[in-house]
Amino acid sequence: MAELAYSEPEPKIIAGAKGDWEIVIGMEVHAQVLSKAKLFSGASTAFGGAPNSHVSLVDAAMPGMLPVINGFCVEQAVRTGLGLRAKINPFSRFDRKNYFYPDLPQGYQISQLYHPIVGEGEVLVDMKPGIARRVRVERIHLEQDAGKSVHDLDPELSCVDLNRSGVALMEIVSKPDIRGPEEAAEYVRKLRQILRYLGTCDGNMQEGSLRADVNVSVRPVGSDTLGTRCEIKNMNSMRFIQAAIEYEARRQIAILEDGGAVEQETRLYDPNKGETRSMRSKEEAHDYRYFPDPDLLPLELEQGWIDAIGAGLPELPDAKKARFVADYGMTEYDAGVLTAETASADYFEAVAAGRDGKQAANWVINELFGRLNKEGLGIDASPVAAGQLGGLIDLVASDEISGKIGKDVFEILWTEGGDPATIVAERGLKQVTDTGAIEAAVDEVVSANPEKAAQALEKPSMAGWFVGQVMKVTGGKANPKTVNALVRARLGLD
């Protein structure tokens, strides 16, 4: 697999009152497994159902109900691990994490502490062309989600919705390799992109399908010793992740420079106040009294089954971006834009098939994506199909129409649809290539502006003004290259 060359970014440094500090960040990303059924029951995982309408007897923890593992969720976790170049553990086991909360009917969460299904992997976090941070993944384990407590429906009571109870989550735990708020946000963005490519999580942060716990600590610049970390829970916005890390790092620096000690704790970010606040002291594993779940057998995965999943993986973002740079001769930046989503990459490749890759990229990024962003549409809702845009590019490349007329035709395609060649023919938009006709237009413009023609001899750049005037006279239909050559010859600049 072709890879692009990268350098590591400089860490984010915060100037304190008494010295410079480095931020150290590790992340625990909870990704909802893309599956129709929950991890241990057949209840639906569809978002937006009426409260408590997607709850089985297992999810409600009714007496005598036993969990049954959803094999597809296991497959999705393995697929995710392979996509992150991680070690797949052939033996894994579920544990009970014991704690009380109203929306946790069992009184415990089924998770994987001691034997996770996926071991160490990595994520390459692109910061800008040629700059990337390689973040190590420590583990991925499967666990069930809790329900949701609702506190604003009654002035005296809290309500519980168990629709999410039992939904399968992959907890993706990174090493403390991230060195700044921007890197943290880009890490989550890149992880989301990979999961969506793999089809293992839809990455919808608004619906809670992807959320992150951010572990933040600081240390003096030059130190290799990790500071005491605080965990910021349930972040579901890239912007809030950055703001929370920035605030929390400065809070810790102020404490340390004042001679105090940072307490390890769990905190919440308040976006209205732009600050973090204490939620509870940070628990350790022994506080949850983990023990193997007696109702579930260990998972033992055959290597042949794992290999078959690996053989079916799609081309992932890093490989696709490197291929686009190599095959189409485009910049790394353009390749990153085009490969942000699989649908965008597929659309581009359909447009570029048999055509100049750079030209296709320019039209897709500048004209199509620009208009989609303006209208708030996704690529799947584009009114201009790949075949239509490809046909338009062919007309420009063959000099049948100019680039300017091409943009006018794109507007017609967007608003009215149709075939580009038919539009050009029926509306008389074909480019004027008759040298005689263009020469006549050049003579007309130059003769009408003798003073500017004289000035052009001293200032050759004024030829551009004459080219513009000729294009106006010809209604933008004249071949710009021909116009430029004839103008320069008429002005005596060649």
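Colleague: Why are H8 and H10 called oblique to each other?

Modeller: Helix H8 (residues 357-375) and helix H10 (residues 403-415) have axes that cross at roughly 40° and come within 12 Å. Axes are lines fitted to C-alpha atoms, for helices over the stretch in contact, with angles from 0 to 180 degrees between N-to-C directions. Under 35 degrees counts as roughly parallel, over 145 as roughly antiparallel, 65 to 115 as roughly perpendicular, and the rest as oblique. So H8 and H10 are oblique. Their crossing is right-handed, meaning that the near helix is turned clockwise from the far one by less than a right angle.

Colleague: What is the model based on, and what was counted?

Modeller: This is a predicted model: local features need pLDDT of at least 70, side-chain atom pairs count only at pLDDT 80 or more, and totals for chains, interfaces and linings use all residues. Residues are numbered from 1 along each chain as its sequence is written, and side-chain values use heavy atoms, without hydrogens and water.

Colleague: What makes Glu367 and Lys407 a salt bridge?

Modeller: The rule asks for a side-chain nitrogen of Lys or Arg within 4 Å of a carboxyl oxygen of Asp or Glu. Glu367 and Lys407 meet at 3.9 Å, N to O. Glu367 is in helix H8 and Lys407 in helix H10, 40 residues apart. By this rule the count comes to 39 salt bridges.

Colleague: What does the salt bridge of Glu120 with Lys175 tie together?

Modeller: Their closest N and O atoms are 3.8 Å apart. Glu120 lies in the loop between strands E5 (108-111) and E6 (121-128), and Lys175 in the loop between strand E10 (168-174) and helix H2 (181-198), so the pair ties together parts that are 55 residues apart in sequence.

Colleague: Is Lys175 buried or exposed?

Modeller: Buried means under 20% relative accessible area, exposed over 50%, and partly exposed in between (1.4 Å probe, protein chains only). Lys175 has 19%, so Lys175 is buried. Glu120 has 51%, so Glu120 counts as exposed.

Colleague: Why is Arg323 called partly exposed?

Modeller: Arg323 has 23% relative accessible area, so Arg323 is partly exposed. Glu349, at 22%, also counts as partly exposed. Arg323 and Glu349 form a salt bridge, with their closest N and O atoms 2.8 Å apart. Arg323 is in helix H5 (residues 317-328) and Glu349 in helix H7 (residues 342-352), 26 residues apart.

Colleague: How do you know that Met62 is partly exposed?

Modeller: Its relative accessible area is 42%, so Met62 is partly exposed. Met62 is found in the loop between strand E2 (20-32) and helix H1 (71-83).

Technical notes
Helix = DSSP H or I, 4+ residues; strand = E, 2+ residues; numbered from the N terminus.
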